[in-house]
Amino acid sequence: MSAGRKSREEIKIMRYAGNVVALVHEAMRKEVKPGVSTKYLDDIAAKIIKENKCIPTFLGYGGFPAVICASVNDNVVHGIPSEDEILKEGDIISIDVGATYHGMVGDGAWTYPVGEISDDCKMLLETTEKALFAGIEKMRDGAFLDDVSGAVEDVANAKGLGIVRQYGGHGVGHQMHEEPFVFNYRVGNKYLLKSGMTIAVEPMLNLGGDDVYVQEDKWTVTTKDHKPSAHFEHTIHITDGEPDILTILS
């Protein structure tokens, strides 16, 4: 399904869904600490989404068994929360969450430090967040999608970070995954961005190489060299002016 251009009413609904995503992340910032399980975080997210009259977008999507994706250290994306996975000092955890309200989706991810983390991991998180906002800055009516991808790539390359090649951003709205696919590196894509489109940008950068693999659970994506990975994502509404971030507290 194409990202298409959303109506004013559809944007209003997506903004509400995005606000609920932001509420989940606000809670995650407080609750991510040594000694908590990833399942505990999933339960908190489920409660917030339900209390705000939304549906957890990820739960049951393609058979996914949880509300959030919780990906620790060398896990990039799609990690399944578990009571047995206990966070410890020095870990990093990427939490991805979607909320659906009246058929419209908000989707956002953030990577959190668990207690005190290494300088390398601090650089990884800071750079991946910087790459996200560099990409967002390019999301304007009349720009090419490759401008977004290139901005992410340039930030990653400046610090020598690996770029996950098989996964990226995407159109979002009536479905979680709509066209176009957003690479996190230049591919020469001349897809034209237009006012009213809603697209999720999500750089996934690694301290090591680019290569990843899918674990036996058929979901969890992990770096091949087992070096840490970070993941940041916002849902953006493209306008005639400044990019409009939908997955923030409003």
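**A helix with two sides**

Reply: Happy to, and let's begin with the outward side: Lys 47 and Lys 50 of helix H2 are exposed. Please keep in mind that this is a predicted model.

H2 runs over residues 38–51, which makes 14 residues. From its first C-alpha to its last it reaches 20 Å, close to the 20 Å expected at 1.5 Å a residue.

Now turn to the residues that are hidden. In H2, Thr 38, Leu 41, Asp 42, Ile 44, Ala 45, Ile 48 and Ile 49 are buried. Because these residues cover an arc of only 160 degrees around the axis, they sit on the same side of H2. Lys 47 and Lys 50 belong to the other side, where they are exposed. To be called buried here, a residue must have under 20% relative accessible area, while exposed means over 50%.

What covers the buried residues? The cover includes one helix, H1 (8–31). It also includes strand E1 (55–56), strand E2 (68–72) and strand E4 (92–101).

Just after H2 comes Lys 53, which takes a positive phi of about 60 degrees.

Notes: Residues numbered from 1 in each chain as written. Predicted model: local features only at pLDDT ≥ 70, side-chain atom pairs only at ≥ 80, totals over all residues. Heavy atoms only, no water. Helix = DSSP H or I, 4+ residues; strand = E, 2+ residues; numbered from the N terminus. Expected span 1.5 Å × (residues − 1). Buried < 20%, exposed > 50% of the residue type's maximum accessible area, 1.4 Å probe, protein only. Arc of directions from axis to C-beta. Contact = heavy atoms within 4.5 Å.
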